[in-house]
Amino acid sequence: MTALVVACAVLGLLVGSFLNVVVHRVPAGESVVSPPSACPRCGHRLRARDNVPVVSWLLLRGRCRDCRAPISARYPLLELATAALLALTALALGPVPELPAFLYLACVAVALAVIDVEHHRLPDRIVLPSYVVGAVLLLGVAALQADWWAALRTGVGLAALWLLYFALAVARPGGMGFGDVKLAGLLGMHLGYLGWAPLVVGAFAAFLLGGLVGVALLAVRRVGRRSAIPFGPFMLVGAAVGVVAGPQLSSAYLGLVGLG
């Protein structure tokens with residue numbers, strides 16, 4: 001188990017380096033594979049030794065090797081965040097066949113959260129292909145294990161959260177974007193695979209967290225009543241709560257109301 005967590009952390013560092021390219025280029029409509037990464041100020045291409053996650057930034061002291069322009073600390077922080085999230089995902093789920101699907105979702109979550117915070121967008125270029133990857137990985141495992149209930153929950157979870165967010169988007173135009181609707185289906189598919197409790201808890205946690213943070217920001221006057229607050233990060237954190245603690249929180253709540 002320890003080896004798995006460490007391996008996922010190392011994988012996260014490597015993927016995080018690529019995600020830095022994704023969050024910079026995808027919102028601008030640029031290719032994520034070409035041209036090679038270069039300093040935005042002097043245009044020099046980065047050497048291989050300058051692309052080692054976290055380590056290169058530290059050795060360069062956060063500056064370009066050629067022109068000494070500052071390199072944002074966001075680069076190593078995103079790499080570390082991806083490593084931590086993948087390690088936590090492996091720790092929460094363990095060595096199960098569906099782990100690759102959730103590791104992929106965790107990587108997607110990092111990119112989407114950063115882009116949504118910075119640009120208030122959840123790009124189709126990231127979300128829509130993730131449906132295909134998630135469906136292949138999750139339904140493939142369900143088929144290999146002949147777990148048709150898991151396959152059914154996957155479809156129901158996708159449809160349920162997609163329809164919920166679609167209804168909210170239609171009922172209150174401008175309050176909920178259709179990017180949120182598409183992300184909801186992706187998250188519902190993964191949560192549904194795990195079970196009904198992760199699905200319900202993950203959906204509820206998103207609105208609870210979003211509401212609490214919104215009230216806190218209003219209280220400290222960081223936002224106004226009409227300010228647009230990206231909801232994607234709350235959906236992603238809520239889904240993480242559902243994955244990690246969905247059954248436990250569901251059982252605790254049912255016990256609290258006397259239904260456990």
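Valine 54 sits in the loop between H1 and H2. Its phi is positive, about 65 degrees, although valine 54 is not a glycine. At 16% relative accessibility, valine 54 counts as buried (buried means under 20% relative accessible area, exposed over 50%, partly exposed in between, with a 1.4 Å probe and protein chains only). The model is predicted, with local features needing pLDDT of at least 70, side-chain atom pairs counting only at pLDDT 80 or more, and totals for chains, interfaces and linings using all residues. Residues are numbered from 1 along each chain as its sequence is written, and side-chain values use heavy atoms, leaving out hydrogens and water.

The loop between helix H1 (2-25) and helix H2 (55-59) also holds proline 35. The peptide bond from serine 34 to proline 35 is cis, with omega near -5 degrees. Helices here are DSSP runs (H or I, at least four residues), numbered from the N terminus.

Next comes arginine 68, in the loop between H2 and helix H3 (74-93). Arginine 68 has a positive phi near 65 degrees. It is partly exposed, with a relative accessible area of 40%.

Now turn to a helix pair. Helix H6 (residues 148-171) packs with helix H7 (residues 178-194) at an angle of about 155 degrees, their axes 6 Å apart. Axes are lines fitted to C-alpha atoms, for helices over the stretch in contact, and angles run from 0 to 180 degrees between N-to-C directions. H6 is therefore roughly antiparallel to H7 (angles over 145 degrees; under 35 is roughly parallel, 65 to 115 roughly perpendicular, the rest oblique).

Notes: Helices (H or I, at least four residues) and strands (E, at least two) are DSSP runs, numbered from the N terminus.
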